[in-house]
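Have the sequence and the 3D view ready, and turn the model as you read.

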Amino acid sequence: MILLDDDQMRDFIVNGYVAVKTGLPVVHHQRVCAQLDEMLGGIGNLGNNVLPLIPEIQKVFDDPAVRGALTSVLGQNYLMHPHRYCHLNAPGSDGQQAHKDTYEGEEQVKRHRCRWVLVFYYPQNTTADMGASAVLSGTQYYETVDVAHTHPEKVLCGEAGTVVIAHYDLWHRATANTSTKKRYMLKFLFSRVEEPQPTGNGGVESFAGEGDPLDPLLRSLRGWHQGVSEPDGADLSTAEAADLAKDLGSKDEIKALYAAYALGETASAPAERELLEGLRSGDEAVRVNAGYGLAAMGSRVVVHLVDALCGDDDGVRT
C-alpha cells in the first residue's frame with residue numbers, strides 16, 4: 001500500500017482532490033472499456049450493478065496506490081458505498097454547470113472534515129476535449145457557487161488507469177465533449193468509519209500563509225487528519241472573541257469561515273461562549289458556522305452540545 005506523502009495530503013486538504021495512477025497494465029483498462037461498450041450497447045447502464053457485472057473494476061480499488069490514497073484520506077477500515085455509476089460523455093455532448101452532489105439517502109449535511117469522497121476512475125486515456133470532469137479547486141468548504149467560481153477550474157485529464165479522489169463537497173462538473181471520442185468515467189463513493197488516529201506529527205504548520213483568511217480552517221483540518229483532538233491556539237480576550245463572533249453570520253462566506261475557525265482553534269472560554277451563543281442563534285448561517293467552530297474546539301464542548309440537544313429549537317438540535 002502506497003500512502004500519500006505530506007505534500008500530497010497538504011494538496012488534498014487545500015485543493016480538495018488528489019490524482020493517482022494504478023499500476024495495472026493498459027490491457028486491463030481496455031478490457032473494462034470493452035465490457036462497458038457491451039453493457040451500454042446491450043442491456044443498458046446498470047448503475048449500481050456495474051461492479052458485479054464487471055468485477056475486474058475491483059482490481060482498480062485493490063491497487064496499492066489507490067488503497068493507500070483512500071487510507072490516507074479516510075483512515076483504516078473505510079467502506080465502499082453500494083452506489084456507483086458509469087458516466088458516458090459522448091462526442092458532441094454539452095457540459096454541466098458546477099454543482100455539489102447530494103449525499104446518498106438525501107442527507108443534506110455538509111462537512112468540512114472529510115468523511116466521504118467521490119472517486120472518479122478513467123479506464124481510457126482522457127484529454128480535455130473529451131468532456132473530462134472538471135473541479136473548482138479548493139471549493140469544498142464553500143456553500144455558494146459565486147464564491148466557488150472565484151477559484152480556478154482544473155480539468156481532470158490523464159492516462160488510462162487514472163483515479164481521482166475528491167472531497168465529497170468539492171464543486172465539480174462535466175465539461176463539453178468536443179472530440180470524436182467517447183469518454184467513460186466510473187464514479188464510486190467511499191466513506192470514513194472512524195476518527196483519525198494520532199500520527200505523532202506534532203504541530204500543524206501554516207497552510208495558506210500568514211493573514212490568509214482560510215489559514216485557520218486549513219490548520220484545523222490538517223490537525224484533525226493528524227489525530228490532534230484539542231486545539232492549541234492562543235487565547236482570545238472577551239473583546240477579541242466578541243469581534244470575531246460578529247462575523248459568524250457575514251454574507252461574505254470567507255469572512256464567516258475565518259471567524260468560525262479563529263474562534264474554534266483557541267482554548268479560550270470567551271471564544272467558547274461566543275460559539276455556544278451562535279449555536280443557539282435564530283440565524284441558520286450563524287448556527288452552521290458556530291458548529292464548525294465548536295467541532296474545531298474538540299471534546300471540551302461535548303457537554304454543552306448535549307445540553308443543546310435538549311433545546312426547543314429543532315435547528316439547534318440538528
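## A predicted model

Before we start, please keep in mind that this is a predicted model.

## The five-stranded sheet

Let us begin with a sheet. In what order do its five strands lie? They follow the order E1-E6-E3-E8-E2, forming an open sheet with antiparallel pairing. At the edges are strand E1 (17-21) and strand E2 (79-89), each of which pairs on one side only. From one strand to the next, the twist averages 20 degrees.

E1 pairs with strand E6 (residues 162-167) over five bridges, in the antiparallel sense, and Lys-21 stands opposite Thr-162 in E6. E6 also pairs with E3, again antiparallel, over six bridges; here Leu-118 is found opposite Ala-166 in E6. E3 and E8 are joined in the antiparallel sense over six bridges, with Phe-190 in E8 as the bridge partner of Val-117. Finally, E2 and E8 form an antiparallel pair over eight bridges, where Arg-84 has Phe-188 in E8 as its bridge partner.

Six of the six residues of E6 are buried, which leaves the strand mostly covered.

How many of the nine residues of E8 are buried? Nine of the nine are, so E8 is largely enclosed by the rest of the structure. One side of E8 carries Arg-183, Met-185, Lys-187, Leu-189 and Ser-191, while Tyr-184, Leu-186, Phe-188 and Phe-190 are on the other, and all are buried.

## Helices against the sheet

Helix H5 (residues 64-74) lies across E1, E3, E6 and strand E8 (183-191). The direction of H5 runs at about 160 degrees to E3.

## The three-stranded sheet

There is another open sheet to visit, made of three strands in the order E5-E4-E7 with antiparallel pairing. Its edge strands are strand E5 (153-155) and strand E7 (172-174), each pairing on one side only. Neighbouring strands here are turned by 25 degrees against each other on average, direction ignored.

Zoom in on strand E4 (residues 133-136), which pairs with E5 in the antiparallel sense over three bridges. Within this pair, Val-135 stands opposite Lys-154 in E5.

## A cavity inside

How many cavities of 30 Å³ or more are there? The count comes to one. About 50 Å³ of space lies in the largest cavity.

Its lining is made up of Phe-12, Ile-13, His-112, Cys-114, Gln-140, Tyr-141, His-167, Leu-221 and His-225. Helix H1 and helix H7 (215-225) each supply at least two residues of this lining.

## A closer look at Gln-35

Our last stop is Gln-35, which sits in helix H2 (residues 26-41). Why does Gln-35 count as partly exposed? Its relative accessibility is 22%, and buried would mean under 20%, whereas exposed would mean over 50%.

Leaving aside residues up to four places away in sequence, Gln-35 touches Leu-53, Ile-54 and Glu-56. With Glu-56 there is also a polar contact of 3.4 Å between the side chains. For a sense of scale, find Ser-281: it is 246 residues from Gln-35 in sequence and 54 Å from it in space, C-alpha to C-alpha.

Conventions
Residues are numbered from 1 along each chain as its sequence is written. This is a predicted model: local features need pLDDT of at least 70, side-chain atom pairs count only at pLDDT 80 or more; totals for chains, interfaces and linings use all residues. Side-chain values use heavy atoms; hydrogens and water are left out. Two strands pair if DSSP finds at least two bridges between them. Helices (H or I, at least four residues) and strands (E, at least two) are DSSP runs, numbered from the N terminus. Axes are lines fitted to C-alpha atoms, for helices over the stretch in contact, and angles run from 0 to 180 degrees between N-to-C directions. Contact means heavy atoms within 4.5 Å. Buried means under 20% relative accessible area, exposed over 50%, partly exposed in between (1.4 Å probe, protein chains only). A polar contact is a pair of N or O atoms within 3.5 Å; within protein, one must be able to donate a hydrogen and the other to accept it, and residues adjacent in sequence count only if both atoms are side-chain atoms. On a 1 Å grid over the protein atoms alone, a cavity is a set of points where a 1.4 Å probe fits but cannot get out, and a pocket is an open set with protein on both sides within 12 Å along at least five of seven lines; lining residues have an atom within 4 Å of a point. Grid points are joined across faces, edges and corners, and a volume is the space filled by probe spheres set on the points.
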